[in-house]
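Hello,

Here is the structure you asked about. My notes follow below it.

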Amino acid sequence: MPARETWRVLYRHFRPHRWAVALGTLFALVGAVTALLQPLAAKELVERLGGEESITGVLLVLTALVVLGTAIESVGSYILERTAESVVLAARRGLVGRLLRLRLPEVERTTPGDLMSRITSDTTLLRSVTTDSVVAAVTGGLACVTTLVMMAVMDAVLLGVVLGVIVLIGGAMALVLPRISEATRRSQEAVAEISNRLERVFGAFRTVKASGAEARETAAVGEAAEEAWRQGLRSARWQAVAGSSVGLAVQVSFLAVLGIGGARVASGAITVADLVAFLLYLFYLTDPVSKLVSAATEYQMGAAAVARIEEARRLAAEDLEGESASGPAEGEGPASVVFEDVVFRYRDGLPDVHRGVSFEVAGPGMTAFVGPSGAGKTTVFGLIERFHEVTGGRVLVDGRDVRDWAPAALRAAIGYVEQDAPVLAGTLRENLLFAAPEATEDEVREVLVRARLKELVERLPEGLDTPVGHRGSQLSGGERQRVAIARALLRRPRLLLLDEATSQLDAVNELALRDVVAEVARETTVLVVAHRLSTVTLADRIVVMDAGRVRAVGTHAELVAADRLYGELAATQFLAAGAGGVPRTGPAVGTATAG
Ligand SMILES: Nc1ncnc2c1ncn2[C@@H]1O[C@H](COP(=O)(O)OP(=O)(O)OP(=O)(O)O)[C@@H](O)[C@H]1O
């Protein structure tokens, strides 16, 4: 990121806290002045020790100075620490708010671990750069300027010598500092890689175990950790170089001033006392210059973090509310869905997944989408939800292009059950209310019955408040499926999108759920990506998709008679489990999955 841009962004983080930092700086300055006064009071005390005058007054002043100095210092440091925490909090809030609104393709291009590390780890690097280093720069800068002015008053020639050395060291620092920034950036990248690896492992822990991959994955995480360590060391090395160069600058200046100053004393240009005082000032310079250098170091680390945070902030996010907050959610009755010659590819360079898909669905009723794996069925749902935008053609919901609805208002009208039925960590109740936080207790009870979850809830030790584990790992596959359906129904959708699981429901539950879906379809538009014979036979119409096109539309009976591909699918691919009483087509009904 260009230096000016870095400044601008850092300033944006710092601006809301500028008065707190100013106060902290003021306290630091007052603390420094009280510290400077202490030796004077001590000197006064010692001078009075042998004499007649009482020392009580001076003693009191000295005590007051010590107490005051300590108090001011601790209050100042609390203000700064508090501000630092607030900077991190604000950065985290802003970033989370942004990342949770990212457009789906952006999330698919990145990795969760990387995004998470930007929120958790990179933001912490903003702490010092927006607080401590500002204070260090101000107090260090002030002290430096004052000392240099005093030196100028004493002897301009010697000051020139000191400045010459400082400029030399400054040049060396200009080479060192960017390396700190670079090492920090790489170290943060390695930290992100650790998150990525861990997310991969813990996201599929059963698979890791079943594959006996523990040792390999441990090594892979270890490798990323080692890289973070290596980069940390690199940064530490350059920081040490930067720090020691201050000491070096003072030593070199000291020798140069001693040599040249000695000559000036000999020539009578300055007195010995002048030279001694000058040398003392030179030593005073060590502390403020160290502060300036550490401020510059912090700045480099902050710059690396800012670059990573900004990178994440700039990923394309959705305007969930859109220009008008209106959407099909406000409509009544079943929603209509129309695809008009839709062309779609997930990314430039990838092949078209939809190559002119057209169909019309006016609710209520159930429409089943069938076709070979990869035909583009699930993609239909993604386009209706506007997770992705069409490359060509139009998708209309309630007669209006989905691009004209506000995404939040569009999605509020839709209940979506994904194929892998995601259940989130948390309690069963949280999962049910996830899509409809306002639902009442009665509505929850009703949906539990409809989704055949009542028995499960009664069996669980804490009922609805039982935690279900990471990704619902403490539920069975079929239970997860039913929770996902209950969640979607609780939203009271005008359009239900159901990506049917290829397995998981036992015969009894499947039959029951089939009835629920049929019941919902009486008042609602239901679209199902169907993998079961029982579902397609129930559907009012079936859309047969093949290789990104709609191949045929009709009822089961019509299609069996008229469409060769459908006939084949019905004969070989549809799952027949639990399809009791449903007419079977073709000689054998295999158990192969269609997706
Ligand atoms: N997010 C994505 N990014 C890139 N390509 C994708 C993405 N999602 C799906 N695809 C590709 O798009 C094609 C269609 O996928 P889609 O999920 O719509 O198929 P489907 O008909 O639902 O298949 P199945 O019956 O197996 O679920 C597939 O070839 C798939 O590899």
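First a term: two residues are in contact if their C-beta atoms, placed from the backbone, lie within 7 Å. By that rule, residues 24 or more positions apart make up 79% of the protein's contacts with a separation of 6 or more.

Two notes on the source. This is a predicted model, so local features need pLDDT of at least 70 and side-chain atom pairs count only at pLDDT 80 or more, while totals for chains, interfaces and linings use all residues. Residues are numbered from 1 along each chain as its sequence is written.

**Overall shape**

The protein has 22 helices and 10 strands. These are DSSP runs, numbered from the N terminus (helices: H or I, at least four residues; strands: E, at least two). The radius of gyration is 36 Å, well over the 25 Å that the globule rule gives for 595 residues, so the protein is more spread out than a compact globule. That radius is taken over C-alpha atoms, and the rule is 2.2 Å times the number of residues to the power 0.38. The C-alpha trace spans about 115 × 55 × 55 Å along its principal axes. Of the 595 residues, 37% count as buried. Buried means 20 or more other C-beta atoms within 10 Å of the residue's own, exposed means 12 or fewer, and partly exposed is in between; C-beta atoms are placed from the backbone.

**Domains**

There are three: domain 1 (3-313), domain 2 (335-413 + 493-595) and domain 3 (422-491). The bounds come from an automatic or database domain assignment. Between domains 2 and 3, 11 residues of domain 2 are in contact with 11 of domain 3. On the domain 2 side, helix H19 (residues 507-523) gives the largest share, 5 residues. That side divides into 8 nonpolar, 2 polar and 1 charged.

An unreviewed UniProt entry places "domain: ABC transmembrane type-1" at residues 22-301. In the model, that span is 90% helix and 0% strand, with its end C-alpha atoms 22 Å apart. The UniProt record also lists "transmembrane region" at five stretches, including 158-177 and 266-284. Residues 158-177 are 100% helix, with end C-alpha atoms 28 Å apart. Residues 266-284 are 74% helix, and their ends lie 25 Å apart by C-alpha. UniProt annotations may be inferred rather than shown by experiment.

**Serine 121**

Serine 121 sits in the loop between helix H5 (112-120) and helix H6 (126-130). Leaving out residues up to four places away in sequence, serine 121 touches Gln188 and Val191.

Best wishes

How values were computed:
Nonpolar A, V, L, I, M, F, W, Y, C, P; charged D, E, K, R; others polar.
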